[in-house]
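Open the structure in your viewer and follow the stops below in order. Each stop says what to select and what is there.

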Amino acid sequence: FSLQWNLVCDKEGLAELTQSLFTAGQGAGALIFTAFADKIGRKPVHVGCTFFLMLCASGSALSPNIWVFAALRVLGGAFQQGSAIPGYTMILELFPADKRTLISCILGVWWGMCVMILALVAYLMKYSEWRWLCAVLGFPGIVCVFEIWYLRESIRWLFTKGKIVEAERIVKRAAKLNGVDFEAAWTKCLKSNESAMEMHRLGEQSKELIDRNGTNPEDEAKVHPKETALGLWTMIKYRTTRNMTLVIMFAWLITSVTYFGLYLTSSSLSGDRHLNYFLTASMELPSSFVLYKLFMLFGRKKAIIILIATSAVTLLAVAVLKSIGDSRAINTSTIVFSLLGMLAISGAFAGLWLYTPEIYPTTLRNAGMGVASATARIASMISPYTRMLAARVVWGPALVFGAGCFIASSLLLTLPETHNKQLPQNLDEMLSFKRECGKGEGGKKRKNISSKRYANK
């Protein structure tokens, strides 16, 4: 579209601006729509954003000028996050603790395959007008039509909101479709969500107390612990949740900027940009299998730390090699270490997508993922500047990435392990994760504790 809209000379930067606007839209959508998903439900936000994403993607093919195209890119980025994060959260909340690792890695493989398919479609349509490519890439969003009647709301979210009747109806339907005993499945479901029901019961009692006695908002926070666990404010209000969120944000920032920076500054593997994109995407496949094996051997936190630390070592090796010289052997070694770094950081990125929602409770899960994803969007906007650094100091990006990865892996040591644990339903259970960190109590059943007691710990 650069030639079609005469984006040359002083307008040349407008073409690149559309990608930055898409990323900015992703950051905004990650914060806005994830908060709505915690409040009104995963399904309506996911399905609605998927529908509007399809309209924006396909509608961009009809853009009469660069400004309409840019506006649709911003909206498309926002709706993309509104579709992806609640959908991913809903999948994780659907499966029990012992199945989440496998499901997450399957999603990683599926992501890699879809990106490879994207490269193939773009290659096959490289002689077609760009408008046709936009229309084709927007078409898969039609799946939202089937999700309206087939997809069901997250049962964990329903229990947290006290919508037990609706949850029972979903479990009964699932039991019938899978040919299992409903009573046994429902009993197990009630047992795994008993803390959420208790928190909802306390919330309802506090509302009755407020209506009867006219309790002011400050007193409501004391008798209604569930309310303190809602919204982005909670993640920065308490020192424990604030520190955990800051570590998560830094890990996402470094992992994202390293991932995208490696992609932008890596040595050319082929002159064809479609092949470059395909080969880069193919690294997602082995990283998913490596991640699965590490998860099973070491758990969530240690596996992510190992991958980030591995990436740090390989990237620092790249920095050293590039500072030595420019011989053929050094260039070959640089490519090998860069690919190893890409494999490791891809696995770490996928690991954070599983680890982050397991830390946050149901009332904060989408909001926590939204903050983390928004941080990653900031990193993706920073990463293009690494090419400028590489042009001036060839070993600079590898040194920055490697040092950042070492810091991130060290900070992650302060977070709790979540492997084979039930997803926390409320703020109290999230705080109990932190208490168990380093005490070897991962296998014990968590008890409901007072939010107020640990608010400043």
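Start with F51, which is partly exposed at a relative accessible area of 34% (buried means under 20%, exposed over 50%, partly exposed in between; 1.4 Å probe, protein chains only). This is a predicted model, where local features need pLDDT of at least 70, side-chain atom pairs count only at pLDDT 80 or more, and totals for chains, interfaces and linings use all residues. Residues are numbered from 1 along each chain as its sequence is written, and side-chain values use heavy atoms, with hydrogens and water left out.

A search of the whole structure finds eleven aromatic pairs (Phe, Tyr and Trp rings, the six-membered one for Trp, with centres within 6.5 Å; planes under 30 degrees apart are stacked, over 60 edge-to-face, the rest tilted). The ring centres of F51 and F52 are 5.4 Å apart and the planes lie at 75 degrees, so this pair is edge-to-face.

Next, select Y259 and F349, another edge-to-face pair, with 5.9 Å centre to centre and 65 degrees between the planes. Y259 sits in helix α13 (residues 239-265) and F349 in helix α17 (residues 328-359), 90 residues apart; helices are DSSP runs (H or I, at least four residues) numbered from the N terminus. Both Y259 and F349 are buried.

Finally, select L118, V121 and A122 in α4, which meet L133, V136 and L137 in α5 (contact means heavy atoms within 4.5 Å).

Notes: Helix = DSSP H or I, 4+ residues; strand = E, 2+ residues; numbered from the N terminus.
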